[in-house]
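I opened the notebook to look up the pockets and the ligand site. Entries follow in the order I looked.

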Amino acid sequence: MNSGPIQPELAEPYLLSVLSSAGLDIEYSRAEGNTLYSVDEDGREFSVLDLAGGYGSLLLGHNNPEITAYATSLLEARTPVLTQFSRHSPANELAAELNRIIHRELGTDEAYYAIFANTGAEAVEAAVKHAEMDRVMRLGAIGEEIAAHIEQARAAVSGGSAVVAAGVDGSVGTGSAGRTDIADVADFDELVAALTRANAEQFSRPPVLLAPEGSFHGKLVGSVQLTHNEGYRAPFRALAAQARFVPLDQPETLRKTVDEERGILLDLVVENGVVRTVERPAPVFCAFVLEPIQGEGGIREVSRAYAEEIQRICAEIDCPVIVDEIQSGMGRTGSFLAGSQIGLRGDYYVLAKSMGGGLAKTSVMLVREARYRREFEMVHSSTFAKDGFSTLIALKVLELLEADGGRLYRRAAEVGGRLLAALESVRADFPDVVNDVRGRGLIAGLEFRDQGDAASEALREPARAGLFGYVLAGWLLQDHRIRTFPTASAVNTLRFEPSVQLTDADIDHVEGALREVCTRIRRQA
Ligand code: PMP
């Protein structure tokens with residue numbers, strides 16, 4: 001196939017050179033379960049234990065035989081893949097099955113409607129977009145009510161049945177818009193003009209999006225603004241709505257932030273022949289977006305207490321909660337949703353990665369019936385979303401997860417527990433090198449202590465450049481044939497997200513390799 005002159009590297013050449021400098025630019029030729037195969041310079045095949053697992057997309061392993069056999073049968077049967085604007089039974093079945101599983105885990109029977117997408121970031125953006133449509137519609141409905149109240153009051157005033165309250169108290173609360181004093185208006189028109197001015201500020205405010213520090217929700221123009229990492233986010237600030245980031249597990253800061261952002265709209269009432277202003281909360285909060293276990297933020301779990309507080313505060317301010325289970329969900333932690341183990345109940349759920357069984361690129365956002373706006377279906381679409389192939393593969397994934405009374409969930413919890421115990425034992429023996437071990441089931445992180453002041457230049461320089469984790473990944477790959485990477489926003493944390501097929505021998509291999517790496521760091525070699 002490649003008989004001509006050597007091709008220049010045109011696909012992301014800079015990234016390739018960075019990978020190459022860390023010894024990570026191996027080309028793989030075959031993949032099965034947790035194993036990737038490559039061929040060395042002498043033409044000999046060698047295997048690599050893959051713990052990066054497609055950044056969390058391979059809970060069922062590379063080329064899972066049941067999924068590949070099913071995919072092959074779909075192709076052989078000439079299954080329609082792209083039939084936009086027609087009846088999509090597999091998508092419907094998939095949505096129903098997702099509902100059945102989510103209902104079981106959350107102990108609810110409220111329907112979640114499904115909007116399909118292709119990638120994680122796209123589904124996050126669809127959820128935020130829907131939440132914003134809902135907010136704008138709520139805001140519009142309040143605007144119409146206020147307009148109707150103004151007309152009623154005007155009719156009462158001009159008909160002589162009401163007067164404007166003397167020294168009317170139109171002071172607006174302490175939102176970020178500040179106080180707007182419309183006291184002491186002389187007549188009705190002046191009152192309406194002042195009220196309209198005060199309200200205009202609230203009506204034109206950008207939506208408030210909230211997310212914990214350390215969050216990662218994607219890198220597209222909207223979702224990257226929900227990704228805390230400045231390096232990814234800051235250059236693109238001007239392109240989309242900004243989020244306010246609150247420290248993880250600090251309910252008091254969340255409450256303070258919410259109080260700063262609250263907005264007030266002024267409405268009119270006529271009571272006992274007097275026209276008065278009344279305050280109503282303005283729906284300024286678009287969504288609180290969070291991962292139950294932050295993946296790219298360094299495998300950090302949200303506590304049950306914080307989950308409860310988020311829900312309490314969000315219910316109080318009528319702010320929908322979008323639970324991003326793209327990395328933590330689909331069974332990886334021993335239950336379908338990681339959030340169900342901490343009592344988190346989302347208005348929205350977002351799933352992607354392992355939903356495609358390692359073969360399909362697919363994602364979905366699910367929205368609770370009480371918040372659902374069917375108008376969204378008329379303004380949102382994507383050519384490849386909800387395609388026949390991906391939805392059938394995702395159904396197969398759910399069938400495998402749910403088989404034998406949820407054997408794979410139990411397996412994820414068990415084998416993940418053994419992996420975490422192995423990582424813990426490394427930490428116990430190398431507390432000077434390893435700072436922390438975190439995770440649940442098959443999403444684990446090992447955080448190394450910073451080496452920015454290391455004696456060894458080979459450790460110090462990459463650590464100062466934020467590349468220490470990549471150096472470790474290079475050692476593990478070159479010396480131990482283990483593939484893992486740092487999490488994207490916490491680069492001293494190595495990620496461990498293998499498939500459920502992980503064996504005890506694999507875990508021993510990982511533990512031995514990490515001990516060698518820790519010894520090397522300890523010796524500053
Ligand atoms: N949300 C979370 C929690 C993720 O981990 C990721 C990807 N690492 C995304 C969103 C973005 O998904 P994608 O890369 O498919 O756009």
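**Entry 1: second largest pocket.** I looked up the second largest pocket and noted a volume of about 840 Å³. The model is predicted, so I note the limits: local features need pLDDT of at least 70, side-chain atom pairs count only at pLDDT 80 or more, and totals for chains, interfaces and linings use all residues. Residues are numbered from 1 along each chain as its sequence is written, and side-chain values use heavy atoms, with hydrogens and water left out.

For the terms: on a 1 Å grid over the protein atoms alone, a pocket is an open set of points where a 1.4 Å probe fits, with protein on both sides within 12 Å along at least five of seven lines, and lining residues have an atom within 4 Å of a point. A volume is the space filled by probe spheres set on the points, which are joined across faces, edges and corners.

I found 28 residues in this lining, with His88, Ala114, Ile115, Glu377 and Lys386 nearest the centre. Two or more residues each come from α4 (89–106), β4 (112–117) and α10 (376–379) (DSSP runs numbered from the N terminus; helices are H or I with at least four residues, strands E with at least two). β4 gives the most, 5 residues. I sorted the lining into 15 nonpolar, 9 polar and 4 charged residues (Ala, Val, Leu, Ile, Met, Phe, Trp, Tyr, Cys and Pro are nonpolar; Asp, Glu, Lys and Arg are charged; the others, Gly among them, are polar).

**Entry 2: largest pocket.** The volume of the largest pocket is about 1500 Å³. I noted 47 lining residues, and Tyr55, Lys219, Glu296, Lys353 and Ala488 are the closest to its centre. α1 supplies the largest share of this lining, 6 residues. The lining splits into 26 nonpolar, 12 polar and 9 charged residues. At least three lining residues come from each of domain 1 (13–64 + 406–522) and domain 2 (89–386), with bounds from an automatic or database domain assignment.

**Entry 3: ligand.** Which residues are around the ligand? I listed those with a heavy atom within 4 Å; among them are Phe216, Glu296, Asp324 and Lys353. I then looked up polar contacts (N or O atom pairs within 3.5 Å). A polar side-chain atom of Asp324 is 2.6 Å from a ligand nitrogen, and one of Glu296 is 3.1 Å from a ligand nitrogen. For Phe216, a polar backbone atom lies 3.4 Å from a nitrogen of the ligand. The protein covers 80% of the 390 Å² of accessible area that the ligand has on its own (Shrake-Rupley method, 1.4 Å probe).

How values were computed: A polar contact is a pair of N or O atoms within 3.5 Å; within protein, one must be able to donate a hydrogen and the other to accept it, and residues adjacent in sequence count only if both atoms are side-chain atoms.
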